[in-house]
Amino acid sequence: MTTHKFGLIGGGVMGEALLSRLVARSIYHSSEVIVSEPQPTRQKFLAHQYNVAVTGDNRVVFSQTTEVICLAVKPQVFSAIAQELADVVDKGHSPLVISVLAGVTLSKLEAAFPQLPVIRAMPNTPATIGAGMTAIAPGAYTHSKHLETARQLFSAVGEVVEVPESLMDAVTGLSGSGPAYVALMVEALADGGVAAGLPRAIAYQLALQTVLGTAQLLHETKLHPAELKDRVTSPGGTTITGIAQLERSGFRSALIEAVKAATIRSQELGK
Ligand SMILES: NC(=O)C1=CN([C@@H]2O[C@H](COP(=O)(O)OP(=O)(O)OC[C@H]3O[C@@H](n4cnc5c(N)ncnc54)[C@H](O)[C@@H]3O)[C@@H](O)[C@H]2O)C=CC1
Ligand SMILES: O=C(O)[C@@H]1CCC=N1
């Protein structure tokens, strides 16, 4: 029987983000990967772009994968997939199952994959360029070698932390969804620049480089964000005037409430 080391179920945005990097970094060679994806246009694209085996049958991916199966479908289709795989999931074949599904709990995953090593993970889209942030939580049947495999795999796409499963919904609300909040901020900063008279292209460049540069500065210097804010804020100057307006508009509160709301949504998706 043909076998593959890495099987991906669901070749959408997150699946492709992981796949592209794992192949580019030679964690897995193209010939070692199989992807199941129902959309014919996506199938063709993935086969052509990454030179991986592609199928429309999730059961083929499960049966032919020897090392790691990554589930990257929407949480809403998880139970249908669990049913579909039920008769090929048996004790003789025990790949590590890694789920990146928002909300879907280890207990649900372990009910679908009885006695298999399962890891619940939450990566984010900057994984595509190796700048991802992934949290992992191990299931009841995982050993240190499984955690090591997951760490190695997600290290190829960025930073990795291990958290108890009880924190995975909060991780989802912060770093899982966070790239969208930051993208919104970049867009809004550029809009502000346009409102203040800057040409769109320059406004966008200024906004993007400001976010990128500030993140790099915080990362490299380990400065506390409040300390950096104080360094930018001249007495009676422009920055404190901008910050006062942000506070009047509830900027901090909006971000805090966004993370809390997304965390609750992640909990709901698991029910
Ligand atoms: N997009 C993101 O930033 C992140 C997404 N996730 C998680 O990744 C998962 C996928 O999300 P996205 O990639 O954004 O969604 P997506 O819609 O881009 O990808 C899902 C893919 O699964 C395919 N699919 C649908 N039904 C299927 C089935 N029965 N069998 C196999 N494949 C099937 C779809 O055709 C699609 O290509 C979700 O569970 C989400 O919570 C996790 C972290 C970040
Ligand atoms: O929006 C979502 O549900 C997924 C999970 C984290 C990022 N995207």
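User: What does the secondary structure of the protein come to?

Analyst: The protein has 12 helices and eight strands. Please keep in mind that this is a predicted model.

User: What box do the C-alpha atoms fill?

Analyst: Taken along the principal axes, the C-alpha atoms fill a box of roughly 70 × 40 × 30 Å.

User: And how many residues are there, and what share counts as buried?

Analyst: The protein has 271 residues, and 41% of them count as buried.

User: What share of the contacts comes from residues 24 or more positions apart?

Analyst: Among contacts with a separation of 6 or more, residues 24 or more positions apart account for 65%.

User: Which domains is the protein divided into?

Analyst: There are two entries in the division: domain 1 covers residues 4-164, and domain 2 covers residues 178-269. In the contact, nine residues come from domain 1 and five residues from domain 2.

User: What distance separates the centres of domain 1 and domain 2?

Analyst: The centres, taken over C-alpha atoms, are separated by 33 Å.

User: Let us change topic. What is the volume of the second largest pocket?

Analyst: The volume of the second largest pocket is about 830 Å³. Its lining is made of 33 residues, and those closest to the centre of the pocket are Met14, Ala72, Val73, Lys74 and Pro75.

User: Which residues does the UniProt annotation "binding site" cover?

Analyst: According to the UniProt record, which is an unreviewed entry, the "binding site" annotation covers Ile9, Gly10, Gly11, Gly12, Val13, Met14, Ala72, Val73, Lys74 and Pro75. These residues are spread over 67 residues of sequence, yet they cluster in space, with a largest C-alpha distance of 14.0 Å.

User: Which of these residues does the lining of the second largest pocket include?

Analyst: The lining includes Ile9, Gly10, Gly11, Gly12, Val13, Met14, Ala72, Val73, Lys74 and Pro75.

User: Where is Gly11 found?

Analyst: Gly11 is in the loop between strand 1 (4-9) and helix 1.

User: Is Gly11 buried or exposed?

Analyst: Gly11 counts as buried, because its relative accessibility is 0%, and buried means under 20%.

User: Then what about Val13, buried or exposed?

Analyst: Val13, which is found in helix 1, is exposed because its relative accessible area is 65%, where exposed means over 50%.

User: Back to Gly11. Which residues is Gly11 in contact with?

Analyst: Leaving aside neighbours within four places in sequence, Gly11 is in contact with Val35, Ser36, Glu37, Arg42 and Leu46.

User: Where is the place of Ser36?

Analyst: Ser36 belongs to strand 2, residues 33-36. With a relative accessibility of 1%, Ser36 counts as buried.

User: And which residues does Ser36 touch?

Analyst: Not counting residues up to four places away in sequence, Ser36 touches Leu8, Ile9, Gly10, Gly11, Thr55, Asp57, Asn58 and Val61.

Note on methods
Residues numbered from 1 in each chain as written. Chains lettered and ligands numbered in written order. Predicted model: local features only at pLDDT ≥ 70, side-chain atom pairs only at ≥ 80, totals over all residues. Heavy atoms only, no water. 1 Å grid on protein atoms, 1.4 Å probe; cavity = no way out; pocket = protein on both sides within 12 Å on 5 of 7 lines; lining within 4 Å. Points joined across faces, edges and corners; volume = space filled by probe spheres on them. UniProt positions renumbered as here; feature names shortened; annotations may be inferred. Helix = DSSP H or I, 4+ residues; strand = E, 2+ residues; numbered from the N terminus. Buried < 20%, exposed > 50% of the residue type's maximum accessible area, 1.4 Å probe, protein only. Contact = heavy atoms within 4.5 Å. Domains from an automatic or database assignment.
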